[in-house]
Amino acid sequence: MTLNPEDRASNRLLVHLPQEDQERLSRFLEPVVLEYKRPLYDADERIEFVHFIESGVGSLVCAMADGRAAEVGTVGNEGFAGLPVLLGDDRAPSSMYIQVPGRGLRMTARIFREQLEQSQPMRAAMLRYTHVFFNQVAQTAACAHFHSLEQRCCRWLLMTHDRVLPSDTFVLTHEFLAMMLGVRRAGVSVAAGALQRRGFIRYHRGRVTVIDRQGLEDCACECYAVAKAEFDRLLGFTGPRRRNGARL
């Protein structure tokens, strides 16, 4: 398969690679539709594919023995799903599945490992992304400890909006938002209702439309800007500006 330039540009991590690597990888990448709740890999099962998300959001989920689950990290068009493969393993105790539907590209884990061996720049870029992802997970843990439900909700909405642009509307269920924020569904209704009354979003039947992005940024905690700046620092991404005018 050969990717056209638009396809190649839709995953920012792939675009960050040297042109030679992009062209070589395009022979092995297969387009996939990422439906809501589609598993990218399951806990304690062999990871068969790595996925480069082009639009939508993948959710890294840890499940407890009693069946409760919590989201601990997210992946969008800035990265890929399948970090255990990069780090030399073929499975993980957590699961990754699609939280916001979209599209992506996938290749087998075997070929991904082979391609890593052929390109030092590719290995370096993937490892930098891994570092950024783990920084995101750490920031999320601190955010849950220190910041209000409304602030955390704004942060998650902003991160998701970044990953579905130029669209302002995306699918979002109470179930997933509750899992991401670590609260009951009733708490999600309170937070989303407050943001809707303030005119930041419209939330109806599992779909969110961002109406006032600046309002969300003003309401969000510092964690959104911190995580965004780290992606830019390590991977050379460009993105929205801080409220004080500095580029993230």
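Not counting residues up to four places away in sequence, Val164 touches Gly56, Val100 and Phe170, where contact means heavy atoms within 4.5 Å. This is a predicted model, in which local features need pLDDT of at least 70, side-chain atom pairs count only at pLDDT 80 or more, and totals for chains, interfaces and linings use all residues. Residues are numbered from 1 along each chain as its sequence is written, and side-chain values use heavy atoms, with hydrogens and water left out.

**Val164**
- Val164 lies in helix α7 (residues 149-164); helices (H or I, at least four residues) and strands (E, at least two) are DSSP runs, numbered from the N terminus.
- With a relative accessible area of 12%, Val164 is buried (buried is under 20% relative accessible area, exposed over 50%, partly exposed in between; 1.4 Å probe, protein chains only).
- Ser55 is 109 residues from Val164 along the chain, and the C-alpha atoms of the two are separated by 5.6 Å.

**Leu25**
- Helix α3 (residues 19-26) contains Leu25, which is buried at a relative accessible area of 0%.
- Leaving aside neighbours within four places in sequence, Leu25 is in contact with Leu14, Leu17, Met107, Gln115 and Met122.
- A C-alpha separation of 8.7 Å is found between Leu25 and Phe112, 87 residues apart along the chain.

**Helix α11**
- Helix α11 (residues 223-235) has 13 residues and spans 18 Å from its first C-alpha to its last, close to the 18 Å expected at 1.5 Å a residue (the expected span is 1.5 Å times one less than the number of residues).
- Ten of the 13 residues of α11 are buried, among them Tyr224, Lys228, Glu230, Phe231 and Asp232.
- The cover over the buried residues of α11 includes α2 (12-15), α6 (120-146), α7 and α10 (213-219).

**Largest pocket**
- The largest pocket holds about 240 Å³ of space; a volume is the space filled by probe spheres set on grid points joined across faces, edges and corners.
- A pocket is an open set of points on a 1 Å grid over the protein atoms alone, where a 1.4 Å probe fits, with protein on both sides within 12 Å along at least five of seven lines; lining residues have an atom within 4 Å of a point.
- Of the 14 lining residues, Glu71, Thr140, Ala141, Ala144 and Met180 lie nearest the centre of the largest pocket.
- β4 (69-75), α6, α7 and α8 (174-181) each supply at least two lining residues, and α6 gives the largest share, five residues.
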